[in-house]
Amino acid sequence: MTRLSLRCTGGFTGPAGAQTRTVDLSLLPPHQAHELEHLLNACDFFTLPDQLLKPAPRSSDFLYDLKVDQGPQAHSIHYHLDAVPPPLKELTDKLYEVDPD
Amino acid sequence: MATEPHSCTCFIIPSNMLRKLADAAASPTERGLLLDQCEASAYLRGQRSVATAPTGVTSVGEKRRTVFDARHKSTLPGKLARSEGGVVVADASVNQAYDGAGATYDFYREVLKRNSIDNKGLRIDSTVHYLNKFNNAFWNGQQMVYGDGDGKLFLGFTGALDVIAHELTHGVTQHAVPGGLVYENQSGALNESISDVFGSIVKQWKLKQNVDQADWLIGAGILAPGVGKALRSMADPGNKELTWSGDDQPKTMAGYVDGGDVHINSGIPNHAFYAAAIALKGNSWDKAGPVWYKALGLLTSNASFADMAKATAQAATLLYGADSAEQHAVQAAWKVVGVV
């Protein structure tokens, strides 16, 4: 089982408006689950550092926290979108389209 | 070997030198001119940093608003919903975004003599209905984006003029502070505070409220009734009775949160502005607002609260003279919050 949980903070509301989007790949249609899993593998998520932050963020830069639980392994990353490898950016964009919890 | 074409924005006089020249200027007029040039340089540097992105630069001095509908997707800008001069449409969010952008533009134009967000006549684009149940509004560096709220915590954002002016002011800060204000630590909290300050001033200006009549709330009306009345209070940061149960903003440096979110520590400079405006009496846009606005050009990217205290005192000197009552009121306000 693979479960992804994305939290996003920024904008006018800041922490007050932070929303979490959770996806359980086993509950998605196979092609969608495969697409997200592919992106997860492409960015080598479980080997990425805990933080990937840009040096001089602007007010337009949201902060993301992505936690992935996959069987025995789990990993969380705190990041700005501009500071991550392209597959993680694409994964974030796709998770962002999911309705919040 | 092929040469990659590129454009480069170069500066004959660096902005820090322009600021030094301004400091040494013989008259307030000369000093003002030099600071304006400093801001123009900051704008050009901003253009260079976003040179690959399309921008809506239009003719100087012309108000142009465009509102789009994202139809609950994330693709921007979305479908065109209303353009400048267009008739009112059936979608209230579209009209509110249009009107709010107009009021903010008018304020900057009429009160602060600023030509749109970038002081170069930037077209103001806004997108409404961003994603589903999106609990936020933001300036993405080029345009405004509004969610509809989830209906449980937030009811929507276009109905609150201070929210619109707050976010558009992030664009102003991006251009008016040389290099922009880095969005972390004290410079980030200052960035947030400056947006709250002008968000509140624009609302007061539109409602014709003086400093005693104003509610000094940020985001009044955007929260669901059971959640709270507003997101923040400039008069009394952290007062949950005035705002909502999650309001943990400090009012003074005694409550400063090391490494805290920029939306938390912004309570301190927010309250400094409130204290200055109350001391200066009348309308916030007559004295306190122009002082804070003038200070933007005196800041650097990593400015601290103490730097802002110094910049506003310098701005007050520039506008009202050294040892003026205004300068003393501004300095006293920063003492109230424990910054100086």
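User: How many residues of chain B are in contact with chain A?

Analyst: Two residues are in contact if their C-beta atoms, placed from the backbone, lie within 7 Å. Here, 28 residues of chain B are in contact with 19 residues of chain A. The largest share of the chain B side, five residues, comes from α4(B). This is a predicted model, in which local features need pLDDT of at least 70 and side-chain atom pairs count only at pLDDT 80 or more, while totals for chains, interfaces and linings use all residues. Residues are numbered from 1 along each chain as its sequence is written, with chains lettered from A and ligands numbered from 1 in the order in which they are written.

User: What span does helix α3 of chain B reach?

Analyst: Helices are DSSP runs (H or I, at least four residues), as are strands (E, at least two), numbered from the N terminus. The expected span is 1.5 Å times one less than the number of residues. Helix α3(B), residues 92-110, reaches 26 Å from its first C-alpha to its last, close to the expected 27 Å.

User: Which residues of α3(B) are buried?

Analyst: A residue is buried if 20 or more other C-beta atoms lie within 10 Å of its own. Those in α3(B) include B:V94, B:Y98, B:A101 and B:Y105. Among the elements covering the buried residues are β1, β2 and α5 of chain B.

User: What is the strand order of the open sheet in chain A?

Analyst: Two strands pair if DSSP finds at least two bridges between them. The order is β2-β1-β4-β5-β3, with mixed pairing. Strands β1(A) and β2(A) pair in the antiparallel sense over six bridges, and A:C8 stands opposite A:Q19.

Technical notes: Buried ≥ 20, exposed ≤ 12 C-beta atoms within 10 Å, placed from the backbone.
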